[in-house]
Amino acid sequence: MKLAKTQPGTGTRLGRRAVPQPDRQSALVVVDLQNDFFPGGALGVQGANEMIPLVNEYIRLFHTRGFPVMATRDWHPPGHCSFTEQGGPWPVHCVQGSRGAQLHSDLVMPPGTLVISKGTDPKKDAYSGFEGTSLKDRFEDLGVKTLFVLGLATDYCVKHTVLDACKKGFRVVVIEDAIRGVEAQAGDSEKALQDMQASGAIKATAEDLGIDPSGL
Ligand code: VGL
Ligand code: ZN
């Protein structure tokens, strides 16, 4: 990992809230980095490919320090209620066991990374990684108090996971250079970020965490 020349964000800069640094009570949450959400996939998000090298740096930073890395995945049964043919808003995507539902193969996930499946109830859509899953219990088991969140999509699963985490009392850092949005309406991602901040989430970038993204 390359270290930025400047000190990682200490929160002293004017106009920025203090950026927490990952510690023993932190976890990295990698949201839905599945083939179907990358360009060429069923619900491809523009710009998603370009963030993978940086995502791998964040994963490496947590893993080398011994802090947990967890991943969520959208994991729908065939005929899920969110699909257009069932009257839902989305094309068929992330069907359990399909190639589109697999995590992107360029991701370097630490061995033993816990993967949490959501959206598995055919009759219920679930954008949040906490909805109908054991995610909160997993964090509690590990003594995790601060979540660093990145992934797809800013305006859906990242947003709802972050809002839920805030509501459940976690300190939440949104890694703003490693998220991308669907942008069904232009501006949705920006609005989602504002909603997340209004709920108490803190924005951070690579530099804030001591990562130099320039060579990636
Ligand atoms: C998502 C749309 C439908 C997401 C999941 O992961 O953000 N978006 N299902
Ligand atoms: Zn879905």
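User: What pattern does the chain follow, read along the sequence?

Analyst: This is a predicted model. The chain holds four helices and six strands. In sequence order, they give the pattern β-α-β-β-α-β-α-β-α-β.

User: What is the radius of gyration of the chain, and how does it stand against the globule rule?

Analyst: The C-alpha trace spans about 50 × 35 × 35 Å along its principal axes. For 216 residues the globule rule gives 17 Å, and the chain comes close to that, so it is as compact as a globular protein of that length. Its radius of gyration is 17 Å.

User: Which share of the contacts with a separation of 6 or more joins residues 24 or more positions apart?

Analyst: Buried residues make up 41% of the 216 residues. Among contacts with a separation of 6 or more, the share from residues 24 or more positions apart is 76%.

User: Is helix α3 largely enclosed or open, and how many of its residues are buried?

Analyst: Helix α3 covers residues 154–167. Its buried residues include Tyr-156, Cys-157 and Val-158. The cover over them includes β1, β2, β4, β5 and α4.

User: Which residue with positive phi follows α3?

Analyst: The phi in question is near 95 degrees. The residue is Gly-169.

Terms used:
Residues numbered from 1 in each chain as written. Chains lettered and ligands numbered in written order. Predicted model: local features only at pLDDT ≥ 70, side-chain atom pairs only at ≥ 80, totals over all residues. Helix = DSSP H or I, 4+ residues; strand = E, 2+ residues; numbered from the N terminus. Rg over C-alpha atoms; globule rule 2.2 N^0.38 Å. Buried ≥ 20, exposed ≤ 12 C-beta atoms within 10 Å, placed from the backbone. Contact = placed C-beta atoms within 7 Å.
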